[in-house]
Structure formats: C-alpha cells, structure tokens
Amino acid sequence: MTSSSGEPAAAAPGEALFGTTAVDYSRYRPGIPDAAVRLLAATLHGVPAPALLDLGTGTGQVPRALLPALPRLARIDLVDVNPAMLDQAMSDLQPLLEGRTATAFAGAAHTFTPQQPEARADLITICRAFHWMDRPAVLEMADQVAAPHAVVAVMGDGSLWTHTADWTTALKELIQTYLGESRRAGITGTYTQPARSYEDDLAASQFSDVREYRFPVTRAWRPESILGYLRSTSFARPDHFADRHPAFEAEARDLLAAYAKGGILREDAVFTVLTARRPKAAS
C-alpha cells in the first residue's frame, strides 16, 4: 500500500494546511467502510476495555465509526497537528461517548505521549494520514505506547485525483488548467512519490507481522459534495487558486453536472487496511 492519497510523504504545518477546512473535512470526506470497521473491531476481540489511539485523526472519522460498533471501547486518544481539526473531532464525538473518555493531543504523531504514562493502546489507527508523518519515528513511538497484543492499522483509499473515471479525469484536467500539471500538496509544494511502501515501513518496525485487506466500495457523489471535498484537500484547497477559486468552482460545478447521471457521480474505490502486529503477539 503506497501513499496514493494525493498528499506528500512529509510533515506539514497542520494549522496552515487544514486550519480553515475542518467543517468541510468533517462533512465531505468519505467515512470508513462497514467491512473495515468490523475488521478493526475484531482485532480487539477478548480485550475487555480497549483503548484506541488514532493518529492523524482529522475530524475523528475512525473513532466515530468504531464507537457505535464497539460499545466496550473505553478510551480514545486523538492526535493531530491541527487544533481546529481536533476541536471539530471532539465536537463530533461528544454525542457518541456516553461516559467514555476521549482526549486530544495537538502535535506531530511521533511526539505523542499519553496523559497517563502507564496507559497502553490496544489498537493504533492511521487513516489517510500516514503519508504526512515521519513514519519510522511514528512506529517507534507506537512501540513505546502499545500494549503487547496491540494492532497497528494503516488505512487508505486514494483520492479523487488518483481515481480513474471519465469525470475524475476531466476534473483533474480542469484543476491542472488552473494550478499547473504537477499535483499540489501541502501549502506550497508538489507531490513526490514516497521512497517505499507502507508495507515496507511496517516490516522494518517492531510491528513486522503485516496482513493486507482490501474492501471494494462504491460511493455516490453529488456535484456540491465533490466541491466540498475538494476544499478539504491539499491538492485543490481554495488558497491555491487565490482569487480565481470562485471561477474554478463555477466551472467545476458545470463540468460535474454534465457528467452526472440523475445528479449522481459514481466512484468505485478500494479501501485498503494493513494490520500489523509484533511477531511474538501474532504467534
């Protein structure tokens, strides 16, 4: 599983990158497929009061999906470089907690330290965010805070930039007419392919027993939801366009309406989950 989400394989200042898009991110980013949620919940079988550590949590999509599916989930640690995203995550999670504990840590994932030093995570999740991180340092940190039986789950499904359909190809070409051929990433940079796959990152860590699961998923988008999604990405964020962003959205809206069938645009994606354990725990 490579970093194919349209984002760079490097850290970025979170507040500058996503500070103004937390609401769009929460509303328009696709959620976690039910089959993937069931897989994550199954990794915690036999753990009476499990603790989740969600790195690069964004607006908390992973714990929002897990809480209803795993009522015994007792503690959640949310980590993100962006305080605005964390605030949105805590707000979105509040109605689901029902007395369970959630704490927020604002900072780079590899710098996380639990509020209670003796606390250990039973499941560590990284969804659509590993590409932003210092991956070896994150996995070293995970080894320090994970329970002996813990699972690290790295997940993702690409983006509308990487998806190949007639309408996504046309949309990508439109973005390129405004921003140039290179895929924008981060605040001012462009995307570069990571040097190695996520599988190799995990294999080089203490969590070297790696398994891959692939879940096909079909999404139905409406033009306005795609525009909201684009505003939440680093490759089509509004400030890349400066004062031309309203013109881009108007042109994109017309393009998407022309391709939509019954007002719907279809995306067939594959959501990939890599689960990784320490070899002794796996045996």
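# How do we know? A friendly walk through the terms

Modeller: Of the 283 residues in the protein, 56% are buried. The model is predicted: local features need pLDDT of at least 70, side-chain atom pairs count only at pLDDT 80 or more, and totals for chains, interfaces and linings use all residues. Residues are numbered from 1 along each chain as its sequence is written, and side-chain values use heavy atoms, leaving out hydrogens and water.

Colleague: What makes a residue buried, partly exposed or exposed?

Modeller: With a 1.4 Å probe and protein chains only, buried means under 20% relative accessible area, exposed means over 50%, and partly exposed is in between. Take S225, in helix α9 (residues 223–231). Its relative accessible area is 19%, so S225 is called buried. S225 also sits 6.1 Å from Y28, C-alpha to C-alpha, although the two are 197 residues apart in sequence.

Colleague: How do you know what is a helix and what is a strand?

Modeller: Both are DSSP runs, numbered from the N terminus: helices are H or I with at least four residues, and strands are E with at least two. By that rule the protein has twelve helices and nine strands.

Colleague: What makes two strands a pair?

Modeller: DSSP must find at least two bridges between them. β1 and β2 are joined in the parallel sense by five bridges, so they meet the rule of at least two. β1 and β4 run parallel too, with four bridges, and β4 is joined to β5, again parallel, by six.

Colleague: Which residues stand opposite D54?

Modeller: In β2 you will find L78 opposite D54, and in β4 you will find T125.

Colleague: Why is β2 described as largely enclosed?

Modeller: Five of its six residues are buried, so the rest of the structure largely encloses β2. For β4, seven of seven residues are buried.

Colleague: What makes a group of residues a nonpolar core?

Modeller: The members are buried Ala, Val, Leu, Ile, Met, Phe, Trp, Tyr and Cys residues, joined through side-chain atoms within 4.5 Å. The largest such core has 28 residues, and L66, I76, L123 and V273 touch the most other members. The elements giving two or more residues to this core are α3 (34–42), α4, β2 (75–80), α5, β4, β5 (146–156) and β9 (265–277). With five residues, α3 gives the most.

Colleague: Which residues does L66 touch?

Modeller: Leaving aside residues up to four places away in sequence, L66 touches V37, L40, A41, L52, L73 and L123. Touching here is contact, which means heavy atoms within 4.5 Å.

Colleague: Why is a space called a cavity rather than a pocket?

Modeller: On a 1 Å grid over the protein atoms alone, a cavity is a set of points where a 1.4 Å probe fits but cannot get out, while a pocket is an open set with protein on both sides within 12 Å along at least five of seven lines. Three cavities of 30 Å³ or more are found here.

Colleague: Which residues line the largest cavity?

Modeller: Lining residues have an atom within 4 Å of a point. Here they are Y25, D54, L55, G56, T57, G58, Q61, V62, C127 and R128. β1 (51–55) and α4 (61–69) are the elements that give two or more residues to this lining.

Colleague: What makes R128 and E98 stand out in their phi angles?

Modeller: Most residues other than glycine have a negative phi. R128 has a positive phi of about 55°, and E98 has one of about 50°. R128 lies in the loop between β4 (121–127) and α6 (135–145), and E98 in the loop between α5 (83–97) and β3 (101–106).

Colleague: Are R128 and E98 buried or exposed?

Modeller: R128 has a relative accessible area of 12%, so it is buried. E98 has 70%, so it is exposed.

Terms used
Grid points are joined across faces, edges and corners, and a volume is the space filled by probe spheres set on the points.
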